[in-house]
Amino acid sequence: MGSLITALASYCDIKQRGGSWHIRIDDIDPQRAAVGALQHIRQALAAHGLLGDAPIRYQSQRLAVYQAARQQLADLCYYCNCSRKSLQGLRLYPGNCRHKSAQAPDQATDQAPDHALRILADRQVRSFEDGCKGSHDFVASTDFGDIVIWRRDALVTYHLATAHDDALDYSHVVRGDDLFTMTAPQIFLMDKLNLKPPQYAHIPVLTYADGTKLSKQTHAPALNNAAPVANLGRALWHLGQLAPPQDASVVQCLEWAVAHWQLDAVPAQLAPFQEQVYR
Ligand SMILES: [Zn+2]
């Protein structure tokens, strides 16, 4: 239900602006992106009529462009081989490796074995406007420090891949506010890549009454794809939107939702998930 709420909010917001809605699968990390889970997400979206206006994009198919982005940032970067243990508990990277260069010790592969690539933070004050949370200022050096853009296992980081794609491909990004803290580092990277950030809106995430997020770990019940209209109605209710007509089909329900969508009506905190309501 939590994922449906975020997907529906982004669908309604984008469609109401007359835009086209795109689905992207962030599957950079092969260990996290389980094939079964992707299939499950695609089926759930389709069952609820949430079809993208373009083929689904997969970050795993764009590695060459991330490599190019990395090259573009090379002058601002340095290799870091600090152990995870030595950085444990630190909020900001202390800069132990700043004296090193971004020149890979192994030129053949252009990747330093067992080194992460960090980008130097700066002291500039940047700000952005969030459709749900208002305006927000940040300073890279004190808010998140020298973040990793390329992992020690030779994979692009979520930050760099997402910053690149969001700026290049989208005018508006509507997503769950569990990703809100990612926004400032991503805008910083966009700036360094000379890309214009999209407009953001971070939708509150669905929680239980005690504030814990719904997830597999907290045994959130699976969405019943056989009852899409009921699910859409409940999602709209959580989002503070008007209820669709009772006998609406999936398509009518979505048309209604788009026509009546009000981002301003989304509450700062969603009404908590109540299991009994969904049985
Ligand atoms: Zn280091």
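## A buried pair at the zinc site

Cys82 and Tyr93 are both buried. This is a predicted model, and the two residues turn up again as donors to the zinc ion, Cys82 through SG and Tyr93 through OH. Cys80 (SG) and Cys97 (SG) are the other protein donors, and the set lies 1.9 to 2.3 Å from the metal.

The geometry comes out as tetrahedral, with angles of 101 to 124 degrees among the 4 donor atoms. Along the chain, the donors of the zinc ion are spaced as C-x1-C-x10-Y-x3-C. Within that pattern, Cys82 and Tyr93 sit 11 residues apart and link distant parts of the chain. Cys82 belongs to the loop between β3 (77-80) and β4 (116-119), and Tyr93 is in the loop between β3 and β4 too.

Now for the overall layout.

## Where the domains meet

How many residues of domain 1 are in contact with domain 2? There are 19, and they touch 22 residues of domain 2. The two domains bury about 1600 Å² between them, with 61% of that on carbon and sulfur atoms. On the domain 1 side, Arg24, Ile28 and Gln59 lose the most area to domain 2, together accounting for 31% of what that side buries.

There is some charge pairing here as well: 4 salt bridges are found across the interface of domain 1 and domain 2. Arg24 also forms a salt bridge with Asp166, where the closest N and O atoms are 2.8 Å apart.

Terms used
Residues are numbered from 1 along each chain as its sequence is written. This is a predicted model: local features need pLDDT of at least 70, side-chain atom pairs count only at pLDDT 80 or more; totals for chains, interfaces and linings use all residues. Side-chain values use heavy atoms; hydrogens and water are left out. Donors are N, O and S atoms within 2.8 Å of the metal (3.2 Å for Na, K and Ca); water is not among the atoms, so sites may look incomplete. Four donors count as tetrahedral if all angles lie between 85 and 135 degrees; four count as square planar and six as octahedral if opposite donors are over 155 degrees apart and all others between 65 and 115; anything else is irregular. Helices (H or I, at least four residues) and strands (E, at least two) are DSSP runs, numbered from the N terminus. Buried means under 20% relative accessible area, exposed over 50%, partly exposed in between (1.4 Å probe, protein chains only). Contact means heavy atoms within 4.5 Å. Buried area is the accessible area (1.4 Å probe) that two parts lose on being put together, summed over both. A salt bridge is a side-chain nitrogen of Lys or Arg within 4 Å of a carboxyl oxygen of Asp or Glu.
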